[in-house]
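The sequence and structure are shown first.

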Amino acid sequence: MAKTDNKLFRSQLRSKTKFATGEPEPSIDDQLGRLEEDIRRLKDRVDVFFNGASKRPPYDTKGRVETMIKRLGDDRTLSYAQRYRYGALASRYNAFRDLWRRTLQGREEGRDPVAAARVQAKQKQSKVSRKRVSLCNDAHKDVELVKQSL
């Protein structure tokens with residue numbers, strides 16, 4: 001059987017010669033480097049979101065990272081060193097994803113420190129606004145009424 005009759009060989013040859021834009025496909029090491037950079041960038045953007053500087057979570061970057069992780073996970077041509085690096089990056093991303101999920105869940109349930117500080121400030125403000133105003137003709141005679149209004 002000739003090499004050109006092999007379906008796997010033809011698909012690998014096609015993928016190496018042309019990428020989506022007509023350029024050669026980046027190597028596995030380049031893809032792993034890009035994945036590492038995207039995970040770092042995603043971590044920075046999620047930190048910005050949790051600190052309140054961004055209104056919405058970075059779903060686009062998260063989707064791109066997850067797609068790249070799935071694509072590299074399905075690649076059977078990885079060497080042992082590349083597979084090890086991929087495993088380290090995938091486990092780092094999973095740890096971050098779990099941390100972000102717990103943080104977001106805590107924020108939604110009101111357990112995070114920022115939400116607790118907001119609730120305390122709101123309660124403090126409501127205590128200040130609860131002061132009653134009472135009218136009396138003579139403060140010296142109506143001492144009990146004045147004490148109750150404080």
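## Gln82 and its contacts

The side chains of Gln82 and Asp29 make a polar contact at 3.2 Å; a polar contact is a pair of N or O atoms within 3.5 Å, where within protein one must be able to donate a hydrogen and the other to accept it, and residues adjacent in sequence count only if both atoms are side-chain atoms. Gln82 is found in helix α4. Helices (H or I, at least four residues) and strands (E, at least two) are DSSP runs, numbered from the N terminus. Gln82 counts as buried because its relative accessibility is 15%; buried means under 20% relative accessible area, exposed over 50%, and partly exposed in between, with a 1.4 Å probe and protein chains only. Not counting residues up to four places away in sequence, Gln82 touches Ile28, Asp29, Leu32 and Thr77, where contact means heavy atoms within 4.5 Å.

## Model and conventions

This is a predicted model, in which local features need pLDDT of at least 70 and side-chain atom pairs count only at pLDDT 80 or more, while totals for chains, interfaces and linings use all residues. Residues are numbered from 1 along each chain as its sequence is written, and side-chain values use heavy atoms, with hydrogens and water left out.

## Overall fold

The protein chain has six helices and zero strands, in the order α-α-α-α-α-α along the sequence. Of its 150 residues, 20% count as buried. Among contacts between residues at least 6 apart in sequence, 54% join residues at least 24 apart.

The accessible surface of the protein chain is about 12,100 Å², and carbon and sulfur atoms account for 53% of that surface. Accessible areas come from the Shrake-Rupley method with a 1.4 Å probe; for residues, only the protein chains shown count as cover.

## Tyr93 and Glu66

Tyr93 is placed in helix α4 (residues 80-109), and Glu66 lies in helix α3. A polar contact of 2.7 Å joins their side chains. Tyr93 counts as buried because its relative accessibility is 2%, whereas Glu66, at 23%, counts as partly exposed.

Setting aside residues up to four places away in sequence, Tyr93 touches Ile39, Leu42, Lys62, Val65, Glu66, Ile69 and Trp100. Glu66 and Asn94, 28 residues apart in sequence, are 9.9 Å apart from C-alpha to C-alpha.

## Gln31

Gln31 has its place in helix α2 and counts as buried, at 12% relative accessibility. The side chain of Gln31 reaches the backbone oxygen of Pro26 at 3.3 Å. Beyond its neighbours within four places in sequence, Gln31 is in contact with Glu25, Pro26, Met68 and Leu72.

## Second largest pocket

The second largest pocket holds about 210 Å³ of space. On a 1 Å grid over the protein atoms alone, a pocket is an open set of points where a 1.4 Å probe fits, with protein on both sides within 12 Å along at least five of seven lines; lining residues have an atom within 4 Å of a point. Grid points are joined across faces, edges and corners, and a volume is the space filled by probe spheres set on the points.

Of the 14 lining residues, Pro57, Tyr59, Lys62, Trp100 and Leu104 lie nearest the centre of the pocket. Helices α2 (28-50), α3 (59-74) and α4 each supply at least two lining residues, and α4 gives the largest share, six residues. The lining divides into nine nonpolar, one polar and four charged residues; Ala, Val, Leu, Ile, Met, Phe, Trp, Tyr, Cys and Pro count as nonpolar, Asp, Glu, Lys and Arg as charged, and the others, Gly among them, as polar.
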